[in-house]
Amino acid sequence: MSPAYTTELLTDESAFAELGPAWGRLYRRCAAATPFQSHAWLHSWWLSYGRRGRLRVLLVRDGGPGGELVAAAPLTAVRRPLPALVPLGGTISDYGDVLVDDEHGEAAVAALTEGLAAAARTALIDFREVRPGSAVEHVYDRWSGPRRRVSDSVCLELPAVPMADLVARLPSAKAQQRVRAKLRKLTALGVERAVVRPDGVDSALRRLLELHRLQWQGRKVTGEHLQARFCEHLVRSVAPMVRSGDAVVTEFRLDDDVVAVDLTLVSRRLAGGYLYGAHPRLRERKADVAVMLLDACAEHTGGGPHGTLSLLRGNEPYKLHWRPEPVVNQRLLLARRHTAPLLSAALCGVAVRRRGKELLLRREQRSGRRPEGGGGS
């Protein structure tokens with residue numbers, strides 16, 4: 001006999017805050033989850049970016065209201081450009097997804113899908129930045145109403161191997177020699193790195209953002225990274241993520257000064273450099289910052305259980321140097337029969353924005369400007 005599940009659409013902010021322990025247990029039982037689905041990240045995002053009255057978190061429990069969580073869809077309601085339910089985490093999250101307990105499998109997916117159909121009412125369900133293999137793909141497969149899948153951002157991925165193996169992947173002996181020379185240069189300069197302890201994370205992240213602002217001064221930068229609300233979100237979310245093993249903050253020192261700080265997010269199948277800040281002094285001293293950061297990030301994956309070292313969103317030239325595999329995130333659009341016109345309108349919007357981006361890219365290429373990448377810059 002199939003287990004009995006109950007579903008609940010949670011709209012109360014304080015109740016969402018109290019879900020931390022139960023959410024964490026579910027998160028650990030969902031192999032596809034990334035740190036962007038952790039409670040610390042999502043709840044902190046809500047505090048910085050959420051709109052009062054818009055919280056929509058669908059919960060599926062094993063048994064009655066007090067049962068263990070077996071699935072969850074963290075969503076918020078938006079009204080523009082179309083009425084829709086979209087994942088918490090917004091544009092500052094590289095991956096959007098739901099959580100499903102692996103042990104409950106298709107039965108939990110079926111309950112979650114049914115609950116989403118009921119929660120949607122007159123709105124479209126719009127999952128952005130869905131990584132291939134995500135749990136929400138099972139919901140998409142079961143959806144009985146109108147649905148469409150379109151391409152979203154490109155993420156670049158490397159195998160989770162030690163730095164020496166990443167260097168060996170380079171296409172020529174000369175390229176490998178250049179990287180090894182850059183690693184020796186970092187050692188000769190005396191660049192030292194250390195993982196920041198949880199009690200030092202807050203100050204390290206503030207320093208990261210100061211250095212990030214400095215390194216992009218005078219160039220096009222992701223504006224949200226300079227906002228106070230982003231700083232508050234990062235500082236609030238990352239310390240508990242460091243304590244739970246979902247994030248690593250690394251400081252780099254030169255002549256006893258902190259000259260760079262890196263934030264790497266870690267999950268069972270994936271680790272990726274989310275954001276860093278580096279003082280221009282490093283480049284003035286001929287230090288290759290990209291090599292320095294990748295060497296540190298690989299330390300958290302090589303020989304471990306993580307299957308992928310993700311460079312996250314963006315296909316900047318310095319990432320392509322490492323011969324990563326391009327992996328295209330998906331946008332999953334789900335509608336009811338009576339909301340099919342919303343789906344059509346969303347697809348028209350996708351086509352218009354895609355054309356606009358193509359024109360903007362051509363203009364930037366002609367002007368020689370190089371924009372900052374996505375969350376993983």
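The legends below describe close-up views of a predicted model.

**View 1. Crossing of helices H7 and H11.**
Helix H7 comprises residues 173-189 and helix H11 comprises residues 289-298. Their axes come within 10 Å and cross at roughly 85°. Angles of 65 to 115 degrees count as roughly perpendicular, and H7 and H11 are therefore roughly perpendicular to each other. On the H7 side, the contact is made by Val 179, Lys 182, Leu 183 and Leu 186. These meet Val 291, Met 292 and Asp 295 in H11. The residues of this contact divide into five nonpolar, no polar and two charged.

The 17 residues of H7 should span 24 Å at 1.5 Å a residue, and the end C-alpha atoms are 24 Å apart, which agrees. Ala 175, Gln 176, Val 179, Leu 186 and Leu 189 are buried in H7. These residues cover an arc of only 155° around the axis, which puts them on the same side of H7. The face turned away from this buried side carries Lys 174, Gln 177, Arg 184, Thr 187 and Ala 188, which are exposed. Packing against the buried residues of H7 are helix H6 (163-168), strand E9 (247-254) and H11. After H7 comes Gly 190, with a positive phi near 90°.

Helix H3 runs over residues 39-49, and nine of its 11 residues are buried, so H3 is largely enclosed by the rest of the structure. The buried residues of H3 are His 39, Trp 41, Leu 42, His 43, Ser 44, Trp 45, Trp 46, Ser 48 and Tyr 49. Among the elements that cover them are helix H1 (13-17), helix H2 (20-28) and helix H9. Strand E2 (55-62), strand E3 (68-78) and strand E11 (270-278) are also included in this cover.

H9 has 16 residues and reaches 24 Å from its first C-alpha to its last, close to the 22 Å expected at 1.5 Å a residue. Its buried residues include Phe 230, Cys 231, His 233, Leu 234 and Val 235. Further along H9, Ser 237, Val 238, Ala 239, Met 241 and Val 242 are also buried. Pro 240 is found in H9, which spans residues 228-243. With 29% relative accessibility, Pro 240 counts as partly exposed. Just after H9, Gly 245 takes a positive phi of about 85°.

Gln 215 has its place in helix H8. This residue is buried, with a relative accessible area of 11%. Leaving aside neighbours within four places in sequence, Gln 215 is in contact with Tyr 276, Gly 277 and Ala 278. Gly 223 is in the loop between H8 and H9. At 38% relative accessibility, Gly 223 counts as partly exposed. Gly 223 and Val 328 are 105 residues apart in sequence, and their C-alpha atoms are 24 Å apart in space.

Most residues other than glycine have a negative phi, and most peptide bonds are trans. The peptide bond from Arg 80 to Pro 81 is cis, with omega near 0°. Pro 81 is placed in the loop between E3 and strand E4 (84-87). Glu 129 is not a glycine, yet its phi is positive, at about 55°. Glu 129 sits in strand E6, residues 124-130. With a relative accessible area of 7%, Glu 129 is buried. Leu 312 is likewise not a glycine and has a positive phi of about 60°. Leu 312 lies in strand E12, residues 308-313. The relative accessible area of Leu 312 is 1%, and this residue is buried.

Key. Residues numbered from 1 in each chain as written. Predicted model: local features only at pLDDT ≥ 70, side-chain atom pairs only at ≥ 80, totals over all residues. Heavy atoms only, no water. Axes fitted to C-alpha atoms, helices over the stretch in contact; angles between N-to-C directions. Helix = DSSP H or I, 4+ residues; strand = E, 2+ residues; numbered from the N terminus. Parallel < 35°, antiparallel > 145°, perpendicular 65-115°, else oblique. Contact = heavy atoms within 4.5 Å. Nonpolar A, V, L, I, M, F, W, Y, C, P; charged D, E, K, R; others polar. Buried < 20%, exposed > 50% of the residue type's maximum accessible area, 1.4 Å probe, protein only. Expected span 1.5 Å × (residues − 1). Arc of directions from axis to C-beta.
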